[in-house]
Amino acid sequence: MATTDVSAVHTSSLLASLQDFQNRFNNDTRVKKLIKGWNRFLKVDGTDTGEIYTLTIQDLAVTNIEAGCTLADDDEKVIALQASQEALVRIFTGKYNPAHALIDGALAVFSGERDKVKLEAIAMIIWGM
Amino acid sequence: MPNALNLTGIALTVEQGRWKRLARSVAQNSLAPNAAEVDRDAIFPREGLKAIADAGLMALTIPKEQGGPGEGILTTAMVLEELAQGCASTAMVYCMHMSTLAMIAALAKDGQHEAFIKPIVEGKWIGALAMSEPGSGNRLWHMDSFAQRNANGYLIDSFKSFCTSCGQADFYVVPVRADSTQPPTELSLFIIEGKDPNILPIGKWDGMGLRGNCSMPIHFKGCHVPEIGRLGPPTCGFSMLFAYSLPIYQVGLSTVYLGIAEAAYRAAVDHVKKRVHSDTKQTLSQVETVQRYIAEMKMRVDEARCMVYRVAQMSDNAMVLFNELQSADLLDEVIRANPDDPFFIELAQLKFAVSEIAVEVANKAFQVCGGTAYKRGHPVERLVRDARAGSVMAPSDDSLKLIVGRQILGIAQPWE
């Protein structure tokens, strides 16, 4: 029986969920209205697997997803999300409302307050309340 | 026994604490002394409202950038809880006024700040919401009356079944269909000033309880509203009522009933500690049945307070999100797409939960106080009648339960 590389499955599922999010984000005209002038880096940190991705939000779109993060955590343009890989996959596929994840203690967000509200509003627009 | 611990479980900001103490002072010094007279003679509580205005409470939720204190729904609930313990009628009038503010603040443009927000901030204006119509009763999401456009603005002919502060308010927020061709939920919001001679209060308010709040029918009989009187875009009314009025309205109503329950509970405790039977030489508080009643009342009041504070906090969080969406002109669209979001269901649930508790606690206080409370003019007698308004005041408890049940069972809401 063939063995499966579990970490590879997790990595690809997280990356796939982020790419799905990127597509939804970039194709939603309402999101573009919401994020006028809002350029940020979204650091997505899977705390149980150590997988980290950085999404670049620039000029009304997620323009890049890359593995790792070279930015300083205290950079005010960085929004850091920390959760288990499974929770992150569920959040970025619309199966787990990020506001609920935050209240459940399943997600930690390090950012300014306005950025947290913006993320919640984006989630609401893409996946409903 | 003195409290060494914070039993409320919420750490107030210095400002919130100040507003709460101020409201308590107004309730004790200005509202409570007149509550019996307001009730007995069905007097609109002008004096109490002036004390509230003098304390700076009339513009509590108007944002700082518009000249107000910028407080939220949780602070308003704490203020209302205090006021309602002093005089429930006055608190209800204040609640209806507060239910108009967030919407006006969010939608006001250009001259509307000067025309409408300034007199509110200066404590000169008290407002009212005129919503329920004879055709739809307490189903507040459905309006039959409509606006007619003319060269000078709009003509509004609308009959509203119940309107708190009827004939007394300085302004009314009046939702009607945007025009005769629009369906009943495509609403425009208008501000009609109380000085309009075409506003006709119908009859005299002679309610069973909340007798001071002048909740008569009102006829806006061909009122001419200039362009400046329309709030927001023509068909935004339904969404804006949901986002900016419903939260404070439902939390506010619930808090008035919480205050009624608290006042009844306190009156009962006070009574049983003082009332001495000559045969046993003991106070009523020594009777085990009474002790159990008191414990049950306290438990229910605490339950109600927990629910009110929780949903008030939730509403403040929702307001931040709604403001963010409104700033991008997306709120109307998002609310329309999510008409039975769990947040709105929490609001619906809160009101019937607390109004049922208020009736239960007031009835127990009545039972504990016995024949004394059966006499006209006793505070508990008044509170029993005041509490009873909760279940029928729109939207009625039965309508709200239908909404909650439908949401849980995945059935479309009546307004969809």
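In what order do the four strands of the open sheet in chain B line up? In this predicted model, the order is β1-β4-β5-β8, and the pairing is mixed. Strands β1 (127-129) and β8 (230-231) of chain B sit at the edges with a single partner strand each, so one side of each has no neighbour in the sheet.

Sitting on this sheet is helix α4 of chain B, which covers residues 88-107. The helix touches β1, β4, β5 and β8 of chain B, and its direction makes about 90° with that of β1(B).

Back in the sheet, there is a pair of strands to look at: β4 (residues 171-177) and β5 (residues 187-193) of chain B. These two pair in the antiparallel sense, and seven bridges link them. To spot the pairing by eye, look for Arg177(B), which stands opposite Leu187(B) in β5(B).

Going along the sequence, the pattern reads α-α-β-β-β-β-α-α-β-α. Chain A has 129 residues, and 41% of them are buried.

Contacts in chain A also say something about how the sequence comes together: taking those between residues at least 6 apart in sequence, 66% join residues at least 24 apart.

Definitions and conventions:
Residues are numbered from 1 along each chain as its sequence is written. Chains are lettered from A and ligands numbered from 1 in the order in which they are written. This is a predicted model: local features need pLDDT of at least 70, side-chain atom pairs count only at pLDDT 80 or more; totals for chains, interfaces and linings use all residues. Side-chain values use heavy atoms; hydrogens and water are left out. Two strands pair if DSSP finds at least two bridges between them. Contact means heavy atoms within 4.5 Å. Axes are lines fitted to C-alpha atoms, for helices over the stretch in contact, and angles run from 0 to 180 degrees between N-to-C directions. Buried means under 20% relative accessible area, exposed over 50%, partly exposed in between (1.4 Å probe, protein chains only).
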